[in-house]
Structures are given as structure tokens and as C-alpha cells.
Amino acid sequence: QVQLVESGGDSVQAGGSLRLSCAASGYTVNINCVAWFRQVPGKEREGVASTYTRGTFTRYTDSVKGRFTISHDSAKNTVYLQMNSLKSEDTAMYYCAGRYAARDYTCEPTAAPPFGHWGQGTQVTVSS
């Protein structure tokens with residue numbers, strides 16, 4: 001059993017920063033690809049960023065490049081999403097998700113291959 005727990009969501013002004021955390025516990029030995037997704041009610045879930053936790057490979061969706069940074073602390077089994085220069089369009093529920101990736105370059109924040117483990121989400125609200 002794998003548990004992913006997000007934290008760090010909050011309400012901030014546009015231009016502000018937040019750091020989200022995704023703490024993994026349980027049988028995580030096969031989880032080496034962790035991604036952040038976000039979803040606004042009525043819209044499709046969007047992949048934001050991903051990291052291969054056994055190396056340095058990361059990927060970002062275009063809208064957050066240069067503003068968001070994903071990182072991981074293997075000792076703490078935690079993945080972070082540092083979000084700077086926040087915009088109102090970043091408002092969403094943010095979820096972390098984990099799966100196994102055969103190669104680092106296959107760790108993308110996309111719907112396929114599917115992520116089998118998900119957290120409950122943390123709300124980020126950016127007001128302009």
C-alpha cells in the first residue's frame with residue numbers, strides 16, 4: 001500500500017509563492033516517478049511537472065516553465081513543487097501522483113502511462 005499526502009496549499013496574491021509537499025509512505029520501493037497534476041472544476045486534469053526520483057530528470061508543462069520547480073528529497077520520501085510568480089490561472093486543486101517508470105525519460109506528467117497512486121489534493125488559490 002502506498003500513501004501520498006499533499007500539503008502546502010493556500011490562498012495567495014498574484015506574484016506570490018508557495019511550496020507544495022508530497023510525502024510518500026508505505027511500500028514505495030517501486031515508485032520512482034512522481035508528478036504534480038492540477039484540476040479546476042469542470043476542466044480536465046492537467047499535468048504540471050514530474051520528477052524521476054532516482055536521478056535528476058524533470059519535466060514541466062509549458063505554462064509553468066521558469067516559474068515552478070519540482071524537486072525530491074529521497075531521504076524524506078518527499079517531492080516538492082516550488083511555485084513562484086503565481087498567476088490567477090494557477091488556481092486549482094493540486095494532486096501528486098506516483099508510478100514506476102522504466103526509464104527516466106518516460107517520467108512525464110501525462111495521463112499515459114497511468115499513475116496508479118494519488119493523493120487527496122491540496123487547494124491553491126491565487127487572487128489578482
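This is a predicted model: local features need pLDDT of at least 70, side-chain atom pairs count only at pLDDT 80 or more; totals for chains, interfaces and linings use all residues.
Strands themselves are DSSP runs of E with at least two residues, helices are runs of H or I with at least four, and both are numbered from the N terminus.

Residues are numbered from 1 along each chain as its sequence is written, and side-chain values use heavy atoms, with hydrogens and water left out.

Let's start with the overall picture. How many helices and strands does the protein have? Zero helices and eleven strands. The C-alpha atoms fill a box of roughly 40 × 30 × 25 Å along the principal axes. The radius of gyration, taken over C-alpha atoms, is 14 Å, and that agrees with the value near 14 Å for a compact globule of 128 residues; the globule rule is 2.2 Å times the number of residues to the power 0.38. Of those 128 residues, 40% count as buried. Buried here means under 20% relative accessible area, exposed means over 50%, and partly exposed is in between, using a 1.4 Å probe and protein chains only.

One more thing on the overall fold, about contacts, meaning heavy atoms within 4.5 Å. If you take the contacts with a separation of 6 or more, residues 24 or more positions apart account for 59% of them.

Now, the middle of the chain. Strand 4 and strand 5 are antiparallel, paired over six bridges, and Ala-35 stands opposite Ser-50 in strand 5. Their hairpin has six residues between the strands, and Gly-42 in that hairpin takes a positive phi near 90°. Then comes another hairpin, where five residues join strand 5 to strand 6. That pair is antiparallel too, with three bridges, and Thr-51 sits opposite Thr-58 in strand 6. Why do I call strand 5 largely enclosed by the rest of the structure? Because six of its seven residues are buried.

Phe-57 is in the loop between strand 5 (46-52) and strand 6 (58-60). Skip the neighbours within four places in sequence, and Phe-57 contacts Ser-50, Thr-51, Tyr-52, Asp-104, Tyr-105 and Cys-107.

Buried or exposed? Asn-32 is buried, at 0% relative accessibility. A polar atom of the Asn-32 side chain lies 2.6 Å from the backbone nitrogen of Ala-101. With neighbours within four places left out, the contacts of Asn-32 include Tyr-52, Arg-54, Arg-99 and Tyr-100.

Over to strand 8. Five of its six residues are buried, so strand 8 is also largely enclosed by the rest of the structure. Which strands pair with strand 8? Strand 3 does, antiparallel, through six bridges, and strand 7 does, antiparallel, over six bridges. Val-79 in strand 8 is the bridge partner of Cys-22, and Val-79 is also the bridge partner of His-72. Strand 7 and strand 8 form a hairpin with four residues between them, and in the turn Asn-77 has a positive phi of about 55°.

Thr-78 is in strand 8 as well, and it is buried, with a relative accessible area of 10%. The Thr-78 side chain reaches the backbone oxygen of Lys-76 at 2.9 Å.

Last topic, the cores. A nonpolar core is a set of buried Ala, Val, Leu, Ile, Met, Phe, Trp, Tyr and Cys residues joined through side-chain atoms within 4.5 Å. The largest one has 23 residues, and the members touching the most others are Trp-36, Val-48, Phe-68, Leu-81, Met-83 and Tyr-94. Elements giving two or more residues to this core include strand 1 (2-7), strand 7 (68-73), strand 8 (78-83), strand 9 (92-99) and strand 11 (122-127). Apart from it lies another core, of nine residues, among them Ala-35, Tyr-52, Phe-57 and Ala-101.

Methods:
A polar contact is a pair of N or O atoms within 3.5 Å; within protein, one must be able to donate a hydrogen and the other to accept it, and residues adjacent in sequence count only if both atoms are side-chain atoms. Two strands pair if DSSP finds at least two bridges between them.
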